[in-house]
Amino acid sequence: MIPFIINWRAAVRSAVLVGGGDIPGVDIATVTGANKRPYVPATSWKGRLRHTCEAIANALGMLTCTAPDAAEMCPSCWLQRGGGAQVLEFSYAGRDYGPTCPVCRIFGSPWWPSPIRLTDLTFVRHQEGLTRTVDPTLRWQVSISRQTRSASAGRLFVAQVASPAGGPGTIEAAGSITGAVPEEDLLGLLVAGLLSLETLGHARSRGLGWLGPPIIELKVRAKNGEATEEMKTIEDPAAYAEEKLRLLVQRYKPHAAHVPDSG
Ligand SMILES: [Zn+2]
């Protein structure tokens, strides 16, 4: 296994609506922690990131399964539907997990527990040299009726969000991923997913949850099994991701149905 640490953060461009909270009179509340501050639960962040990595893998010609339904995930989906020959077999520590897509190798399948851990995402505001956690703000939105093209009172929508409009200073979403991947080239896909993550939370169609360009710190212990070796900081995570992603596609290439020409 290749251990790594990733610290991820991105400016919040428009209010993030997470859901999962429960406040009387508020249609959708953003979940808040013990300190009453909004956050994005790790499971929600992980789901969005997994979906982004699937889209990248598919765009590069690698087949993936479809989380989260176990019957539609590796290896069951290939055994039932066929097509497993196009997905690389996965063996680790003397155990055979059958055809397993690159996304399951990172995020886990019903048989292979996810080897990575994500923290909850917190929202912080940088203000006057201090970093503070962000208070939730209420946002009112009116649904416009398609038929009458007018707002109806019954469709007034109140949401509690983490909003950059809640006060001065830039707000950022921040979180970490730790763990290990079974093959180093998988980090290319994971980092590419983090670099491509454009939104958080619900209601993207309402213009909510848009993020600025992410800032990623990546440390990798490159040599397998040398417990004493220090984590190495990767100077340019985007270039690293591109290189590793290329290797991952090469590894899958004989198995993939079709891989686009790199030119
Ligand atoms: Zn899979």
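**View 1. Helix 4 and helix 5 cross in a left-handed manner.** A crossing is left-handed if the near helix is turned anticlockwise from the far one by less than a right angle, and right-handed if clockwise. In this predicted model, local features need pLDDT of at least 70, side-chain atom pairs count only at pLDDT 80 or more, and totals for chains, interfaces and linings use all residues. Residues are numbered from 1 along each chain as its sequence is written. The axes of helix 4 and helix 5 come within 7 Å and cross at roughly 130° (axes are lines fitted to C-alpha atoms, for helices over the stretch in contact, with angles from 0 to 180 degrees between N-to-C directions). Helix 4 is therefore oblique to helix 5 (under 35 degrees counts as roughly parallel, over 145 as roughly antiparallel, 65 to 115 as roughly perpendicular, and the rest as oblique). Helix 4 contributes L186, L187, G188, L189, V191, A192 and L195 to the contact, and helix 5 contributes P237, A238, Y240, A241, E243, K244, L245, L247 and L248. Two residues are in contact if their C-beta atoms, placed from the backbone, lie within 7 Å. Helices (H or I, at least four residues) and strands (E, at least two) are DSSP runs, numbered from the N terminus.

**View 2. Helix 5 spans residues 237-252.** Its 16 residues reach 22 Å from first to last C-alpha, close to the 22 Å expected at 1.5 Å a residue (the expected span is 1.5 Å times one less than the number of residues). P237, A241, K244, L245, L248, V249 and Y252 are the buried residues of helix 5. Because these buried residues fall within an arc of 145° seen down the axis, they line one face of helix 5 (the arc is that of the directions from the helix axis to the C-beta atoms). On the other side, A239 and Q250 are exposed. A residue is buried if 20 or more other C-beta atoms lie within 10 Å of its own, exposed if 12 or fewer, and partly exposed in between, with C-beta atoms placed from the backbone. The cover over the buried residues of helix 5 includes helix 3 (102-107), helix 4 (186-196) and strand 13 (215-220).

**View 3. Helix 1 covers residues 42-59.** Its buried residues are S44, W45, L49, R50, T52, C53, E54, I56 and A57. They pack against strand 4 (39-40), helix 3, strand 7 (116-118), strand 8 (121-127), strand 12 (170-181) and helix 4. G61 follows helix 1 and has a positive phi, near 90°.
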